[in-house]
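Subject: A structure for you to look at

Hello,

I am passing on a structure that is new to you, and I would like you to have it open while you read. My notes on what turned up in it follow below.

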Amino acid sequence: MHNDPVVVKLDISNFFVWNFLINRGSSTIILYWSSFKQLDIPESQNESFSKQLICFPRETTDTMGHINLLTTFGDKKGSKTIMIRYLLVIVFTSYNILFGWPTFNELG
């Protein structure tokens, strides 16, 4: 096991995004509402989804919907682009996105 930092370049819908959290203990991929608004994506692309997320310690958060976006990990030489379904939530956090284990399973 090592404690070296992981540096990942992330591009979503042709916008470079930083301050994201990689949480191997989460099964959800979240794009926070404030970050969604900054990506300048029309709200009409947001698909209805009215479930609640249950977070630690058993707190619930309402979802604002979900959106499918092409997301590129890495630079030009070693990049991989996949379609990701992001849940949109209004939560105040220092991160723009939370990636859970499904993303990294798909990336291999």
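**A salt bridge and its two partners**

Lys 37 has a relative accessible area of 43%, so this residue counts as partly exposed; that label covers everything between buried (under 20% relative accessible area) and exposed (over 50%), with a 1.4 Å probe and protein chains only. Glu 43 is likewise partly exposed, at 43%. The side chains of Lys 37 and Glu 43 form a salt bridge, 2.4 Å from N to O. A salt bridge here is a side-chain nitrogen of Lys or Arg within 4 Å of a carboxyl oxygen of Asp or Glu. The structure has 1 salt bridge.

Before going on, a word about where this comes from. The model is predicted, and local features need pLDDT of at least 70, side-chain atom pairs count only at pLDDT 80 or more, and totals for chains, interfaces and linings use all residues. Residues are numbered from 1 along each chain as its sequence is written, and side-chain values use heavy atoms, leaving out hydrogens and water.

**The chain as a whole**

The chain has 2 helices and 8 strands, in the order β-β-β-β-α-β-β-β-β-α from the N terminus. Helices (H or I, at least four residues) and strands (E, at least two) are DSSP runs, numbered from the N terminus. The chain has 108 residues, and 36% of them count as buried. Its accessible surface is about 7,600 Å², with 52% belonging to carbon and sulfur atoms; such areas come from the Shrake-Rupley method with a 1.4 Å probe, and for residues only the protein chains shown count as cover. Of the contacts (heavy atoms within 4.5 Å) between residues at least 6 apart in sequence, 59% join residues at least 24 apart.

**Around Thr 71**

Is Thr 71 buried or exposed? Thr 71 is buried, because its relative accessibility is 0%. Thr 71 sits in strand E6, residues 59–73. Leaving aside residues up to four places away in sequence, Thr 71 touches Leu 10, Asp 11, Ile 12, Lys 80, Thr 81, Ile 82, Ile 84 and Tyr 86. With Tyr 86 there is also a side-chain polar contact of 2.7 Å. A polar contact is a pair of N or O atoms within 3.5 Å; within protein, one must be able to donate a hydrogen and the other to accept it, and residues adjacent in sequence count only if both atoms are side-chain atoms.

E6 pairs with strand E1 (residues 10–12) in the antiparallel sense over 3 bridges, and Thr 71 is the bridge partner of Ile 12. Pairing requires that DSSP finds at least two bridges between the strands. E6 and E7 also run antiparallel, joined by 10 bridges, with Asn 68 opposite Arg 85 in E7. The hairpin of E6 and E7 has 6 residues between the strands, and there Gly 74 takes a positive phi near 95°.

**Two loops to look at**

Asp 40 lies in the loop between helix H1 (33–38) and strand E5 (52–55). Its phi is near 60°, a positive value in a residue other than glycine. Asp 40 is exposed, because its relative accessible area is 64%.

Ile 90 is in the loop between strand E7 (80–89) and strand E8 (97–99). With 46% relative accessibility, Ile 90 is partly exposed. Together with Met 64 and Phe 92, Ile 90 makes a nonpolar surface patch of about 370 Å². Patches are made of residues with over 30% relative accessible area and no salt bridge, with like charges joined within 9 Å and nonpolar side chains (Val, Leu, Ile, Met, Phe, Trp, Tyr) within 5 Å.

Best wishes
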